[in-house]
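Hello,

Here is the structure I promised to hand over. Please open it first, then read my notes below.

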Amino acid sequence: MKKWVFSRKQYVCIGAVIASFFSVFAGFVLFHANHKPHHLILYGNVDVRLVDIGFRVPGLVNALFFEEGDKVPKGALMATLDRTPYDDEVNRAKAYVEAVKVKLDNAEVLLKRRLELISVGGVSQEDLDDVKTRRDTLKADLLQAEAQLRIAMDNLSYTNAYAPTDGVILTRVREPGTALQAHSPVLTLSVSSPVWVRAYVNEPHLGEIYYGMSAKVYTDYKKGVAYTGKIGFISPIAEFTPKTVETTELRTDLVYRLRVYVDNPDQGLVQGMPVTVKLKLKKEAQENR
């Protein structure tokens, strides 16, 4: 069997080749270690949030002031009920309050007279006690009457439905003349402010994000234009795979829902719109991965 015999020069050349190989390999590893991505890219949608507009009291729909697709500012009057029966309730409650006040005034006068006579024996102690009881009872009746008046006035105010926030009318559920039960919806409002983006992050990147982390949100139709926002919610519950799965291979498939609160000064973010979320990663977070 022939043996390979290398000269000193050949050994030096082989060593140089091996050293060069390891040098290139180490440089490759070092390059990638120092050039990890500085941003995390996520994909999501602008959340669709709806509010059913109705009344806290039953009644007959009197008017609806918006159509489907209309933009509605916060505090706008959206719909009204027939207020006639509630006006009558308020008037009756006011009259009852006044009647109790008159009776209470008379009882106070009568009690004053009895107190003047008790010292000279003009009335018995029992008669004085009865007058005091009558006065105290009327005081309680007045408190009850005033409470009933406040309830009647509240019910009257509930015949008006106002927009709780800025939004767009998505559905007009009822029409004027419809008899409604309390809390039945008449309009569905799509909330336009504040804007929330729903996105998902996989389990390996979960440790790189945190509450209050700044974010840039991009749309397909406004290339290069970024909306600023921040992470306001990170779900503690994994989705799409059972949360009890613990194997290393399947843990990478776990995703967690995020909510990003976004400024929308030009109203360019529309509910349901697909968006791209860009998160700037901290250097120390990358080094600890």
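**The largest pocket and the strands around it**

Four strands each give at least two residues to the lining of the largest pocket: S4 (71-72), S7 (167-172), S9 (185-191) and S10 (195-202). Please keep in mind that this is a predicted model.

The space in that pocket comes to about 300 Å³. Its lining has 20 residues, and those closest to the centre are Lys 71, Val 168, Ser 192, Gln 267 and Leu 269. By type, the lining residues split into nine nonpolar, seven polar and four charged.

Now the strand pairing. S4 and S7 run antiparallel and share two bridges. Lys 71 has Val 168 in S7 as its bridge partner.

Which strand does S11 join? Strand S11 (residues 214-219) is linked by five bridges to strand S12 (residues 226-239), and the two are antiparallel. Ser 214 sits opposite Lys 230 in S12. S11 and S12 make a hairpin, with six residues between them. Look at Gly 224 in the turn: its phi is positive, about 80°.

S12 has another partner. It pairs with strand S13 (residues 255-262) in the antiparallel sense, over seven bridges. Ala 238 is found opposite Tyr 256 in S13.

Over to you.

Best wishes

Conventions
Residues are numbered from 1 along each chain as its sequence is written. This is a predicted model: local features need pLDDT of at least 70, side-chain atom pairs count only at pLDDT 80 or more; totals for chains, interfaces and linings use all residues. Side-chain values use heavy atoms; hydrogens and water are left out. On a 1 Å grid over the protein atoms alone, a cavity is a set of points where a 1.4 Å probe fits but cannot get out, and a pocket is an open set with protein on both sides within 12 Å along at least five of seven lines; lining residues have an atom within 4 Å of a point. Grid points are joined across faces, edges and corners, and a volume is the space filled by probe spheres set on the points. Ala, Val, Leu, Ile, Met, Phe, Trp, Tyr, Cys and Pro count as nonpolar, Asp, Glu, Lys and Arg as charged, and the others, Gly among them, as polar. Two strands pair if DSSP finds at least two bridges between them.
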